[in-house]
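Welcome, and thanks for having the viewer ready. Let's take a walk through this protein together, one selection at a time.

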Amino acid sequence: MNEALLRSLTPSVLGILVRRGADFAAAEDAVQDALVEAVRVWPDEQPRDPKGWLVTVAWRRFLDATRAEAARRRREDRVDEEPVPGPAPATDDTLQLYFLCAHPSLTPSSAVALTLRAVGGLTTRQIAQAYLVPEATMAQRISRAKRTVSGVRFDQPGDVATVLRVLYLVFNEGYSGDVDLAAEAIRLTRQLAAAIDHPEVAGLLALMLLHHARRASRTAPDGSLVPLAEQDRGRWDTAMIAEGVEILQAALVRDRLGEFQAQAAVAALHADARTAEETDWVQIVEWYDELAGLTDSPVVRLNRAVAVGEADGPRAGLAELAALSDSLPRHTAVAAYLHERDGDLETAARLYAEAAHKAPTLAERAHLTRQAARLNTGRPG
């Protein structure tokens, strides 16, 4: 079963059903039913036109559901519009679907959550982790969003800022390695940058390229994580870095600074350093100051504490960290790192072990466990 093929076809199939008149919630349910049927049938015989097959099955599921609701019997007229099995249009509707999901009737946070679930392919758990909320809370938010847009005509696309937020979160989830969505997020952001002259669109594309350029060096052959300072910079994609820096510079000269441009500037400073020791941490702190002013995000302040620890020493970093809630994801891991740099190996080992228990992924858990074991082994008994 080619799960990647199913994932890539889902947005287009969903878009076709919406354009044919299905409301979004019903269309999503129908497409999910078609995907389940594909998982059951395709291992024995995959159709010659997978997309056309999915459209046909999804449309039939939608019609079946429509007939079952007496209040919507008028939709039975659409049975005559059932598409004939055969080649489906090759149009890529994904980016348009992102805008449609960012509907004005939804709050930005609800629009992002709905799009990530329905179009981005992320699980409710992954979306909840991105928003730093419990999974049950996010499930309720997505359900409310579906109810809000149920029956709404999708002729009022949402704003660019919401779509950028979705693309950013999709890229981050793909870059984490849990689901490989990073390349798709870059592709869609390139499309958006070609269609819209907006410095934050350019900033997001630059940020994605600068991070993606380091992807090959982020894991060892055994799959373990390699921290930035230990990565083989010879494996970084210099052409992609150069493209990202050029796009960022063109955006910054327009003097309309936004969150993604500031993040890209931090990434560019990391990419510009020939070695970890040559990293300009003072400038990175300055960019985090700009970013904190733009977003007031606790995650930004956590990253800033790391940068302060590098620029001004670990005790300065620990002082910044003390002002933040220890419930923040990776707060304990940052504390462990700064305590190790300060020479307090016993505390660092204990915190690394504690952080491992809180780690959101197996790869991160294994990395933190190795860090704790390294310090425990190195300390005299």
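Before the first stop, a word on axes: they are lines fitted to C-alpha atoms, for helices over the stretch in contact, and angles run from 0 to 180 degrees between N-to-C directions. Helices (H or I, at least four residues) and strands (E, at least two) are DSSP runs, numbered from the N terminus.

What you have open is a predicted model, in which local features need pLDDT of at least 70 and side-chain atom pairs count only at pLDDT 80 or more, while totals for chains, interfaces and linings use all residues. Residues are numbered from 1 along each chain as its sequence is written, and side-chain values use heavy atoms, with hydrogens and water left out.

**The whole view**

Start with a cartoon of everything. The protein has 18 helices and 0 strands. Of its 381 residues, 48% count as buried; buried means under 20% relative accessible area, exposed over 50%, and partly exposed in between (1.4 Å probe, protein chains only). Among contacts (heavy atoms within 4.5 Å) with a separation of 6 or more, 61% join residues 24 or more positions apart.

**Stop 1: α2 and α3**

Select residues 24–41 for α2 and 50–67 for α3. Their axes come within 8 Å and cross at roughly 125°. That makes α2 oblique to α3; angles under 35 degrees count as roughly parallel, over 145 as roughly antiparallel, 65 to 115 as roughly perpendicular and the rest as oblique. The crossing is right-handed, a term for the near helix being turned clockwise from the far one by less than a right angle, with anticlockwise giving left-handed.

Now show side chains. On the α2 side, the residues in contact include Ala26, Ala30, Val31, Asp33 and Leu35; on the α3 side, among them are Trp53, Leu54, Val57, Arg61 and Phe62. By class, the residues of this contact are 12 nonpolar, no polar and 3 charged. Here Ala, Val, Leu, Ile, Met, Phe, Trp, Tyr, Cys and Pro count as nonpolar, Asp, Glu, Lys and Arg as charged, and the others, Gly among them, as polar.

**Stop 2: aromatic rings**

How many aromatic pairs does the structure hold? There are 3. Rings of Phe, Tyr and Trp (its six-membered ring) pair if their centres lie within 6.5 Å; planes under 30 degrees apart count as stacked, over 60 as edge-to-face and the rest as tilted.

Select Trp42 and Trp53: their ring centres are 5.5 Å apart and their planes lie at 70°, so the pair is edge-to-face. Trp42 sits in the loop between α2 and α3, and Trp53 in helix α3, 11 residues apart. Trp42 is buried, with a relative accessible area of 4%, whereas Trp53 is partly exposed at 21%.

Next, pick Trp59 and Phe62, whose ring centres are 5.2 Å apart with planes at 45°, so this pair is tilted. The two are 3 residues apart in helix α3, separated by about one helical turn. Trp59 is buried at 0% relative accessible area, and Phe62 is buried at 1%.

**Stop 3: Leu205**

Go to α10, residues 199–212, and select Leu205. Is Leu205 buried or exposed? Leu205 is buried, with a relative accessible area of 5%. Leaving aside neighbours within four places in sequence, Leu205 is in contact with Ile186, Thr189, Arg190, Ala193 and Ile247.

**Stop 4**

Select Arg330, in the loop between α15 (314–322) and α16. Arg330 has a positive phi of about 70° although it is not a glycine. Most residues other than glycine have a negative phi. At 45% relative accessibility, Arg330 counts as partly exposed.

Helix α16 itself covers residues 331–341; 9 of its 11 residues are buried, so the helix is largely enclosed by the rest of the structure. Just after α16, Gly343 takes a positive phi of about 90°.

Finally, select Glu364 in helix α18 (residues 362–378). Glu364 is buried, with a relative accessible area of 11%. Not counting residues up to four places away in sequence, Glu364 touches Leu225, Arg330 and Ala359.
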